[in-house]
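Open your viewer and keep the sequence panel beside it.

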Amino acid sequence: MTHANHIATDDGQPRYVRLANTLRRAITDGKYPVGARLPTEMELCAAHKVSRFTAREALRTLREAGLIQRRRGAGTVVVAEAAPAAFHQPLGGVDDLLQYAEAARLDMTNYGPAAPDEETASALGLSRHADYVKVTGLRRSADAAPPIGHTEIYVRADIAPSRATMKNLSGAIISHVEEATGLNLARIEQEISGASLPADIAATLAAEPGTPALRTLRRFYDDKDRLLVASDTLHPAGRFVYRQTVMRAKD
């Protein structure tokens with residue numbers, strides 16, 4: 001088994017995240033109550049058919065969430081009840097950004113032509129004189145019951161997928177656009193900021209209005225520096241985590 005197989009699952013989600021979410025659910029369901037000992041790394045490897053790297057990273061994820069602790073003589077012990085699992089997104093290159101659309105499917109709620117207002121156009125870099133199709137929907141993860149985010153996507157009208165295509169689309173819209181039109185994605189711009197949930201969006205996410213949220217703006221450009229697709233997504237606090245690992249170069 002290669003290192004890549006340790007990390008990636010069929011749905012694009014890292015294996016350690018899937019294992020961490022499995023263990024988190026077991027804690028929530030009472031299989032491992034507070035004070036109980038979790039299986040060792042080797043026991044997890046055998047039970048879930050994963051590598052030791054995957055088991056170690058899954059346990060690290062739960063430790064960072066404050067759910068387990070390593071105690072001398074007792075092994076890894078549950079110290080807190082689990083909260084709903086958050087969606088974890090690697091913060092890296094183009095493939096990592098596109099992976100979000102693969103692992104967090106879009107449940108489309110609205111589709112149609114749209115003229116962005118001044119505020120939206122400014123935030124997303126849209127032209128007030130161009131025609132766009134606006135796709136609105138909820139992002140959902142297979143491992144999380146409530147939606148993990150509300151998203152609004154603007155696609156240049158001349159290259160936008162049809163409503164029927166969007167309804168059954170799996171993966172990123174930009175990937176479909178590339179394949180259907182022959183255009184080439186060359187650059188992605190991403191902005192991450194704090195926000196609060198407006199009442200109408202909070203209602204769709206089963207969240208309280210005005211509560212903290214993570215806002216991500218993404219702009220997708222082709223090799224002629226033309227904006228093809230732009231998106232604005234709000235994630236309620238606790239449902240979405242960006243993760244980045246930086247290795248220090250050896251002398």
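**Stop one: strand β5**

Start with β5, which is mostly covered: eight of its 10 residues are buried. Keep in mind that you are looking at a predicted model. Select residues 132-141 to bring up β5.

**Stop two: the neighbours of β5**

Strands of a sheet pair through backbone hydrogen bonds, either parallel or antiparallel. Which way do β4 and β5 run? They run antiparallel, and 10 bridges join them. Now pick Arg-105. The bridge partner of Arg-105 is Arg-140 in β5.

Move across to β6, residues 149-156. β5 and β6 are paired over eight bridges, again in the antiparallel sense. Click Val-135, then look opposite: Ile-153 of β6 stands there.

**Stop three: the whole sheet**

Colour the six strands of this open sheet in their order, β4-β5-β6-β9-β8-β7. The pairing is antiparallel. Which strands form the edges? They are β4 (104-114) and β7 (185-196), and each pairs on one side only. Turn the view and compare neighbouring strands. On average they are turned by 15 degrees against each other, direction ignored.

**Stop four: an aromatic pair**

How many aromatic pairs are there? The count comes to one. Tyr-132 lies in β5 and Tyr-154 in β6, so the pair ties together parts that are 22 residues apart in sequence.

Are these two residues buried or exposed? Residues under 20% relative accessible area count as buried. Tyr-132 has 6% relative accessibility, so Tyr-132 counts as buried. Tyr-154 is at 4%, so Tyr-154 is buried as well.

**Stop five: a charge over a ring**

Select Arg-187 and Tyr-221. Arg-187 lies over the face of Tyr-221, at 4.0 Å from the ring centre.

**Last stop: the whole chain**

Zoom out and show the cartoon. The protein chain has nine helices and 10 strands. Of its 251 residues, 45% count as buried. The accessible surface comes to about 13500 Å², and carbon and sulfur atoms account for 49% of that.

Finish with contacts. Take those between residues at least 6 apart in sequence: 62% of them join residues at least 24 apart.

Key
Residues are numbered from 1 along each chain as its sequence is written. This is a predicted model: local features need pLDDT of at least 70, side-chain atom pairs count only at pLDDT 80 or more; totals for chains, interfaces and linings use all residues. Side-chain values use heavy atoms; hydrogens and water are left out. Helices (H or I, at least four residues) and strands (E, at least two) are DSSP runs, numbered from the N terminus. Buried means under 20% relative accessible area, exposed over 50%, partly exposed in between (1.4 Å probe, protein chains only). Contact means heavy atoms within 4.5 Å. Accessible areas come from the Shrake-Rupley method with a 1.4 Å probe; for residues, only the protein chains shown count as cover. Rings of Phe, Tyr and Trp (its six-membered ring) pair if their centres lie within 6.5 Å; planes under 30 degrees apart count as stacked, over 60 as edge-to-face and the rest as tilted. A charge sits over a ring if NZ of Lys or CZ of Arg is within 6 Å of the ring centre and within 35 degrees of the ring normal. Two strands pair if DSSP finds at least two bridges between them. Axes are lines fitted to C-alpha atoms, for helices over the stretch in contact, and angles run from 0 to 180 degrees between N-to-C directions.
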